[in-house]
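Please keep the structure in view while following it.

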Amino acid sequence: MSTDRVERAWQVLDTVLDPEVPALSVCDLGIVREVIDHGAELEVVLTPTYSGCPATEVIEASVLDALETEGLGPARATLRRAPAWTTDWISAEGRRKLNDYGIAPPGPVSPEDGVPIRIFGRKADAVACPRCGSAMTERLSAFGSTACKAMYRCLSCREPFEHFKPI
């Protein structure tokens with residue numbers, strides 16, 4: 001088993017951008033769970049953000065193409081759906097990149113308690129505006145450009161923004 005090959009693979013995978021949130025790599029997002037060197041091939045273990053994620057096939061192809069392009073192939077991807085992906089797997093760097101990109105990062109999720117389903121109006125939990133930092137925000141829609149994001153508006157700077165929902 002080559003530690004150098006696995007380390008190089010992680011470096012390459014850190015450059016593969018998520019197709020739905022191109023501010024983050026698949027490593028920042030926590031989708032890449034493990035890289036295993038089987039000698040003849042590398043195995044990349046991926047956990048989709050949710051089982052019906054439409055970008056899963058694109059991510060898998062991008063990961064394998066990137067490794068092949070860098071001469072690290074052949075490689076195969078294994079989808080591991082358990083344990084289920086959670087926004088807690090987004091790296092600190094990924095959260096910073098989300099905020100810099102204009103998407104409010106998710107808060108923490110307690111895996112022991114989960115997140116209760118709640119129905120609420122526009123005055124949802126306070127989400128800090130990624131542009132001005134104000135907590136005076138309102139939710140406009142439970143869904144944004146993708147199912148994992150919600151639309152908000154800042155009441156201070158009046159700018160709309162997306163919030164990556166904690167799951």
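**Strands, helices and their packing**

Q: Which strand does β1 pair with, and in what sense do the two run?

A: The model discussed here is a predicted one. In it, β1 is joined by five bridges to β2, residues 42-46, and the two strands run antiparallel. Within this pairing, Val35 has Val44 of β2 as its bridge partner.

Q: What is the strand order of the open sheet?

A: The order is β1-β2-β3, so two strands count as paired once at least two bridges link them. This open sheet of three strands has mixed pairing. Its edge strands are β1 (32-37) and β3 (75-79), each of which pairs on one side only. On average, neighbouring strands of the sheet are turned by 20° against each other, direction ignored.

Q: Which strands does helix α1 touch?

A: Helix α1, residues 3-13, packs on the sheet and touches β1 and β2. The direction of α1 makes about 145° with that of β1.

Q: Where does helix α2 lie?

A: Helix α2, residues 56-69, lies across β2 and β3. Relative to β3, α2 runs at about 150°.

Q: Which residues make the contact of α1 with α2?

A: Helix α1 contributes Ala9, Val12 and Leu13, while α2 contributes Val63, Ala66 and Leu67. By class, the residues of this contact divide into six nonpolar, no polar and no charged.

Q: How many bridges join strand β5 to strand β6?

A: Four bridges join β5 (residues 137-141) to β6 (residues 149-154), and these strands run antiparallel. Thr137 stands opposite Cys154 of β6.

Q: In which sense do β6 and β7 pair, parallel or antiparallel?

A: The pairing of β6 with β7, residues 160-164, is antiparallel and extends over five bridges. Here Lys149 is opposite Phe164 of β7.

Q: How many residues lie between β6 and β7 in their hairpin?

A: Five residues lie between the two strands of this hairpin. In the turn, Arg158 has a positive phi of about 70°.

Definitions and conventions. Residues are numbered from 1 along each chain as its sequence is written. This is a predicted model: local features need pLDDT of at least 70, side-chain atom pairs count only at pLDDT 80 or more; totals for chains, interfaces and linings use all residues. Side-chain values use heavy atoms; hydrogens and water are left out. Axes are lines fitted to C-alpha atoms, for helices over the stretch in contact, and angles run from 0 to 180 degrees between N-to-C directions. Contact means heavy atoms within 4.5 Å. Ala, Val, Leu, Ile, Met, Phe, Trp, Tyr, Cys and Pro count as nonpolar, Asp, Glu, Lys and Arg as charged, and the others, Gly among them, as polar.
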